[in-house]
Structure formats: structure tokens, C-alpha cells
Amino acid sequence: MSARRISVIAPCFRDWGRAAELVRALIAQSVTDFEILLVNNAPDDPPPADFPADPRLTILTEPAPGSYAARNRGAGVAQGHYLAFTDSDCLPEADWLAAFLECAAHHEGLISGQVRMFSTERAMNRLNWAESYDYFFGINQEIYARDGVAATASLFLPRALFQAAGGFDASLKSGGDVEFCQRAARHHAGPGPALIHCPQAVLRHPLRSDLPGLLSKARRVAGGRAQRDRWPVLRIVLAPPLVRLRILMEKPNPGGTARLKALVLIFRIKALEIAETLSVLLLRRAPRR
């Protein structure tokens, strides 16, 4: 494949149905000078025969478990000047890449895009328990940007900066995007902050609708953070959830009882995070995938 201006990289773990929708959304982008590197993180689960085809699409395989290993695999063969990271369950709007390029014209560093959460099952004013919590706390790129970090659901940067930072830490099962952004910031040589937020680069991300899946994610994130930060993380984990309470009050309510449901789950998930953190630190149990 010839060199492209942008390499879009997305891991896929047994998620071919939603990955197909991602590829279709990328094919419909208003810019065309890019390649798509979709990294299959389950070698025993090949893509279906009717998976979308495009000359710019390459499907790679990464046997090492974890989305960060998969992203590194894609970045290792990328040809683009820029890397655009996303996930298999995301749906970029048509001008997603064009907006990133516009922001990159004035900033040669890390750029986060806007992530809009949506329900695949019901109206936004009728969200269930899991969706309510995920709406308020799932992915808040504009808030993350204040701390100089971003979620890999929508992250754009020069390939040279990614290489200088050494890529993602593939040993982490969660929190690797935060760790990478902090490390990459030390290699940013330009003026101003290492990371800026580009609100016009919009993609949509589905809300988690099943409560067990939401709790599983909370365990995974807590375990990954404990593995990454070790004992100092207790200062954060044991602290009152003041930041989440502030976000809950500041973020617009989608309607119905979403805010009340999210409030109740704040404390249930806080207890779960404490238990998972202590399990990793005290019992030395491996973080969940």
C-alpha cells in the first residue's frame, strides 16, 4: 500500500458486526487520502466473508492479548504522516478526519476528538441504569483534555511523535491511553500544550446498555490502574467521588431519571473499584481483560 496522509487504526476483538459499520463510516469520509488498519485481536475469529472491502483497508492480526498490543501492531506498519486511533464500536461523522487535519494545521502534537454517546436501543430520555451511568462518565474528551490526556476512541497525532514516545504500553489492560498521552507529552517539542481538544472532529460511541458489562468495565479499568500506578493509586481510589459528582451536576441531563440512576451507581461502582484495586495490590491477582 502506498504512503497515505493518515493511517486510521482500530483494534477489533470478536466485534466484526460493529467493525463493519466503522469501516463503512470511514469509507464515507470527506477526505480520501488515508488507509484503514483494522487489527484482529482474536486470531481464531477471522472476518466474515461479507465484510466490507476497500483498497485502503488492511486487516492485520495481533495474537498478543490486549487492545494496546493491537494498536501497536497497526502503528508498526502504518504509512501515514498522522495516526488516527479509534475503536471498532465507534461511528465517525463524515468530516471526522477533515476536522482533525484542520486542527493539525495549527498543532503538531496530540489532538483529541469529540465523542458523542448514543443509545442503540431507546430514546435518550429513557436510558436504563447502565446507559445513564455511561452517558455521564463513559468518555468525556473535553474534560480529559484539561489534564492533557485523551481516550483512544478518538486520538490523532503525528506518527513521528508516536514513535518517539515508544507506542502504547502493551502490558496494560486498561488506562494505557492516559499513560501514553502523559509519556508522549514529554516528547512534544512545539509551543503550547502537548494535547489540544478538537470539538469539530466528532464521532459517535454507543452507550453500554447492560449493567454486568458496565461493572465488568469498571473492574477492568480499576485493575489496570492499580497495575499501572501501584500503591499510590489508593489515594485516588479511597477518596470521595467528588469529580464524578461534579460531572454529574455539570453535564446536561438527557432527560428522565438518568441523573438519579447515575448517582446511585456512582457509589456502587466506587465500592467495586476499591475491591478490585485491593485484589490486584494485596492478592497480586492479574487485572481482568
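Reader: In which loop is the place of C90?
Author: This is a predicted model, in which local features need pLDDT of at least 70 and side-chain atom pairs count only at pLDDT 80 or more, while totals for chains, interfaces and linings use all residues. Residues are numbered from 1 along each chain as its sequence is written, and side-chain values use heavy atoms, with hydrogens and water left out. Helices (H or I, at least four residues) and strands (E, at least two) are DSSP runs numbered from the N terminus. On that numbering, C90 sits in the loop between β4 (82-85) and β5 (91-92).

Reader: Is C90 buried or exposed?
Author: The classes rest on relative accessible area with a 1.4 Å probe and protein chains only: buried is under 20%, exposed is over 50%, and partly exposed lies in between. The relative accessibility of C90 is 0%, so this residue counts as buried.

Reader: Which residues is C90 in contact with, leaving aside its neighbours within four places in sequence?
Author: A contact requires heavy atoms within 4.5 Å. With those neighbours left out, the contacts of C90 are L22, A153, L203, R204 and H205.

Reader: How far apart in space are C90 and I6, C-alpha to C-alpha?
Author: In sequence, the two residues are 84 residues apart. In space, their C-alpha atoms are separated by 18 Å.

Reader: Which residues of helix α4 are buried?
Author: Helix α4 comprises residues 129-137 and is mostly covered, with eight of its nine residues buried. Their packing partners are β6 (110-118), together with α5, β8 (195-206), α8 (211-229), α10 and α11 (258-282). The buried residues of α4 are A130, E131, S132, Y133, D134, Y135, F136 and F137.

Reader: Why is helix α3 largely enclosed by the rest of the structure, and which of its residues are buried?
Author: Helix α3 spans residues 96-104, and seven of its nine residues are buried, so the rest of the structure largely encloses this helix. The buried residues in α3 are W96, L97, A99, F100, L101, C103 and A104.

Reader: How much space lies in the second largest pocket?
Author: On a 1 Å grid over the protein atoms alone, a pocket is an open set of points where a 1.4 Å probe fits, with protein on both sides within 12 Å along at least five of seven lines; lining residues have an atom within 4 Å of a point. The volume is the space filled by probe spheres set on the points, which are joined across faces, edges and corners. For the second largest pocket this space is about 230 Å³.

Reader: Which lining residues are the closest to the centre of the second largest pocket?
Author: The lining of this pocket holds 15 residues. Elements giving two or more residues to the lining are β6, α5 (141-146) and α10 (242-250). The closest to the pocket centre are Q114, N140, E142, K251 and P252.

Reader: How many residues of the lining of the second largest pocket are charged?
Author: Asp, Glu, Lys and Arg count as charged; Ala, Val, Leu, Ile, Met, Phe, Trp, Tyr, Cys and Pro are nonpolar, and the others, Gly among them, are polar. The lining has seven nonpolar and three polar residues, and its charged residues number five.

Reader: What is phi of R284, roughly?
Author: Most residues other than glycine have a negative phi. R284 lies in the segment after α11 and is exposed, with a relative accessible area of 75%. Its phi is positive although the residue is not a glycine, with a value near 55°.

Reader: Which residues does W231 touch, not counting residues up to four places away in sequence?
Author: At 43% relative accessibility, W231 counts as partly exposed. The C-alpha atoms of W231 and T277 are separated by 9.2 Å. Beyond its sequence neighbours, W231 touches L281 and L282.

Reader: What is the radius of gyration of the chain?
Author: The chain has 11 helices and eight strands. The radius of gyration is taken over C-alpha atoms, and the globule rule is 2.2 Å times the number of residues to the power 0.38. For 289 residues the rule gives 19 Å, to which the chain is close, so the chain is as compact as a globular protein of that length, its radius of gyration being 19 Å.
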